[in-house]
Amino acid sequence: MREFAKKLATFGVCSLGLGAGFGAGLGFVGGKASFSTPVQAQAPGAKSTDEQNVIRVVKAVSPAVVLIRTETGLGTGVVIDGKQGLILTNAHVVGRNTRVGVRFKSTTELTGRVLGAFREIDIAVVKVSSPKLLPAAPLGDSDRLEVGQTTIAIGNPLGLEQTVTTGIVSATNRRLSERQEQGFIQTDAAINPGNSGGPLLDSQGRVIGINTAVLRADSAEGLGLAIPIKVAQSYAQKIIAGADVRRTYLGIQYVGLTEQVARTYQLPVSRGVVIAGIDPSSPAAQAGLRPGDILTKLGNSPINTDLDMQRLLRGKSPGDPLLFTALRGGRSLTIKARLGEAR
């Protein structure tokens with residue numbers, strides 16, 4: 001089991017830095033195209049089914065996408081509650097401001113009050129007062145995303161309002177550091193300065209993420225990052241409730257098991273998460289967890305995948321007790337731990 005954990009630990013993330021924008025280009029390979037059947041000509045102005053769907057989504061959601069203006073810059077936000085006037089955006093968009101300008105597609109501009117921000121996750125909530133119900137975007141389920149799904153980003157890059165870009169989910173649960181326990185959605189939809197805080201949508205027009213940054217490196221492009229909406233929503237709810245917002249820390253790196261991995265390494269179970277590494281000064285180490293342990297339950301809730309692990313930890317706070325069921329060397333163990341606070 002330890003040997004398996006060592007092999008898992010060898011997988012890392014290349015050293016890419018968080019940056020502010022990137023370019024994209026298209027290339028074509030020369031050659032003749034051949035078709036087995038004649039191409040059906042479409043009427044001038046006709047649109048494909050995919051195009052029609054993107055147009056439908058943009059028309060439905062863009063009224064809920066706002067431009068956020070501060071003394072130092074511009075960003076994007078998305079209305080998540082039209083009745084209460086609640087807008088989700090990035091912490092780095094609002095900065096240290098307590099008031100920001102909020103401009104709607106209708107050109108209406110209101111003053112927004114920053115209810116709070118959680119900078120470790122880069123989430124902030126802004127509230128505006130309006131005599132009428134504001135348009136709000138529906139929220140999706142980022143826990144169910146699959147690589148290859150269509151993504152649509154709406155935002156205000158470089159101050160160009162209501163810009164739309166499309167792409168796919170390039171990766172889920174993308175972690176950029178060993179201490180990061182909840183990952184990003186990676187997308188190749190173009191994200192540039194000013195897109196920050198705007199919605200990343202699925203093909204049904206549901207918000208699956210909040211765009212936050214791009215990765216920059218020599219010759220790299222198409223590496224946008226979004227905070228999963230489930231993560232953003234959990235912290236936003238605490239901000240709205242006026243609760244103490246702190247990020248938890250357990251101190252383990254883990255991967256979800258699959259039947260193929262279980263067969264390859266002759267593991268006793270095919271569901272759960274296996275610990276690939278542990279911070280020696282972490283709550284996990286103090287509790288006695290070890291690399292190679294397979295976690296199968298948290299309390300009475302089964303842990304079948306890495307997303308289950310994230311979901312179960314999401315509602316916890318620093319100091320909360322945890323009771324894991326773990327497999328070690330074929331033996332089932334019950335291990336008590338207590339969540340720490342990320343520094």
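Residues are numbered from 1 along each chain as its sequence is written, and because the model is predicted, local features need pLDDT of at least 70 and side-chain atom pairs count only at pLDDT 80 or more, while totals for chains, interfaces and linings use all residues. Side-chain values use heavy atoms, with hydrogens and water left out.

Side chains of opposite charge can pair when their charged atoms come close. A salt bridge here is a side-chain nitrogen of Lys or Arg within 4 Å of a carboxyl oxygen of Asp or Glu, and a search of the whole structure finds 7 of them.

Begin by selecting R69 and E109, whose side chains meet in a salt bridge at 3.5 Å, N to O. This pair links distant parts of the chain, since R69 lies in strand β2 (residues 65-69) and E109 in strand β6 (residues 109-118), 40 residues apart; strands are DSSP runs of E, at least two residues, and helices are runs of H or I, at least four, numbered from the N terminus.

R69 has 34% relative accessibility and counts as partly exposed, a class lying between buried (under 20% relative accessible area) and exposed (over 50%), with a 1.4 Å probe and protein chains only.

Next, select D202 and R206, which form a salt bridge at 2.8 Å, N to O. D202 is buried, at 5% relative accessibility, whereas R206 is partly exposed, at 36%.

Finally, select D308 and R311, whose closest N and O atoms are 3.3 Å apart in a salt bridge. Because they are 3 residues apart in helix α7 (residues 306-314), D308 and R311 are separated by about one helical turn.
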